[in-house]
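Colleague: I would like to learn how to read a few features from a model. Please give the general idea and then the case at hand.

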Amino acid sequence: MNLASLRIITPEIKRSVQFFERITGLSAHWYTEDFAEFTTGTCTLAIGSTRTMSLFGKDLAQTAHNNLTQPDNNSCVIIEFLVKDVDEQYNNIKDLLSEIIQKPTTMPWGNRSLLFRDPDGNLINFFTPVTPEAIKKFS
């Protein structure tokens with residue numbers, strides 16, 4: 001089994017897609033006005049509008065609830081991107097970010113990480129392996 005895709009559901013798909021295009025440098029592939037994807041070497045990040053949820057027959061997702069300003073709505077998922085140099089990425093995107101949770105910091109497991117939120121409050125982590133063990137894991 002392989003993880004193929006992660007999907008963000010948002011009420012403002014154009015805003016979300018533009019945000020991810022700016023921070024990743026990738027171009028989205030739009031399939032419909034309600035669904036776009038970013039393809040990386042290992043996984044796809046899909047972004048769907050809230051209207052896509054009706055195709056599943058129920059209103060399953062509560063968008064924009066990954067927000068720490070409301071104690072009952074803490075995010076429990078982090079979308080992570082492996083980047084060549086997290087410090088360089090930070091310098092390139094810091095002005096695009098409305099909420100930086102953690103500036104580039106070396107974590108105990110050997111990754112240097114930048115943690116921030118997207119416009120819907122989802123946690124996003126850019127990381128670069130920096131210790132020999134972490135580098136080996138991702139090479």
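Colleague: Is Asp34 buried or exposed?

Modeller: This is a predicted model, which applies to everything below. Asp34 has a relative accessibility of 15%, so Asp34 counts as buried, the cut-off for that class being under 20%.

Colleague: Which side chain does Asp34 meet in a salt bridge?

Modeller: The partner is Arg51, with 2.4 Å from N to O. Asp34 sits in the loop between S2 and strand S3 (35-39), while Arg51 belongs to the loop between S4 and S5, so the contact ties together parts that are 17 residues apart in sequence.

Colleague: How many salt bridges does the structure hold?

Modeller: There are five salt bridges. Another one joins the side chains of Asp87 and Arg112, at 2.8 Å from N to O. Asp87 is in helix H2 (residues 86-93) and Arg112 is in strand S7, so this pair ties together parts that are 25 residues apart in sequence. As for accessibility, Asp87 is partly exposed at 29% relative accessible area, and Arg112 is partly exposed at 22%.

Colleague: Where is Asp120 found, and with which side chain does the side chain of Asp120 make a polar contact?

Modeller: Asp120 lies in the loop between S7 and S8. Its side chain makes a polar contact with the side chain of Thr10, at 2.6 Å.

Colleague: Now the aromatic residues. What describes a pair of aromatic rings?

Modeller: Two quantities are used: the distance of the centres and the angle of the planes. In this structure there are eight aromatic pairs. One of them is formed by Phe81 and Phe126, with 5.5 Å centre to centre and 75° between the planes, an edge-to-face arrangement. Phe81 is in strand S5 (residues 78-82) and Phe126 is in strand S8 (residues 123-129), so the two are 45 residues apart and the pair links distant parts of the chain.

Colleague: Are Phe81 and Phe126 buried or exposed?

Modeller: Phe81 counts as buried at 13% relative accessibility. Phe126 is buried as well, with a relative accessible area of 1%.

Colleague: Why is the pair of Phe116 and Phe126 edge-to-face?

Modeller: The ring centres of Phe116 and Phe126 are 5.2 Å apart and the planes stand at 85°, so the pair is classed as edge-to-face; planes over 60 degrees apart fall in that class. Phe116 is in strand S7 (residues 111-117) and Phe126 in strand S8, ten residues apart, and the pair links distant parts of the chain. Both Phe116 and Phe126 are buried.

Colleague: Which residues form one aromatic cluster?

Modeller: The cluster is made up of Phe19, Phe20, Phe38, Phe81, Phe116 and Phe126.

Colleague: What does Ser113 touch, apart from residues up to four places away in sequence?

Modeller: Ser113 has its place in strand S7 and counts as buried at 6% relative accessibility. With that sequence exclusion, Ser113 touches Val86, Gln102, Lys103, Pro104, Thr105, Met107, Asn125, Phe126 and Phe127.

Colleague: How many bridges join S1 to strand S4?

Modeller: Six bridges join S1 to strand S4 (residues 44-49), and these strands run parallel. As an example at residue level, Arg7 has Ala46 as its bridge partner in S4.

Terms used
Residues are numbered from 1 along each chain as its sequence is written. This is a predicted model: local features need pLDDT of at least 70, side-chain atom pairs count only at pLDDT 80 or more; totals for chains, interfaces and linings use all residues. Side-chain values use heavy atoms; hydrogens and water are left out. Rings of Phe, Tyr and Trp (its six-membered ring) pair if their centres lie within 6.5 Å; planes under 30 degrees apart count as stacked, over 60 as edge-to-face and the rest as tilted. Helices (H or I, at least four residues) and strands (E, at least two) are DSSP runs, numbered from the N terminus. Buried means under 20% relative accessible area, exposed over 50%, partly exposed in between (1.4 Å probe, protein chains only). Two strands pair if DSSP finds at least two bridges between them. A salt bridge is a side-chain nitrogen of Lys or Arg within 4 Å of a carboxyl oxygen of Asp or Glu. Contact means heavy atoms within 4.5 Å. A polar contact is a pair of N or O atoms within 3.5 Å; within protein, one must be able to donate a hydrogen and the other to accept it, and residues adjacent in sequence count only if both atoms are side-chain atoms.
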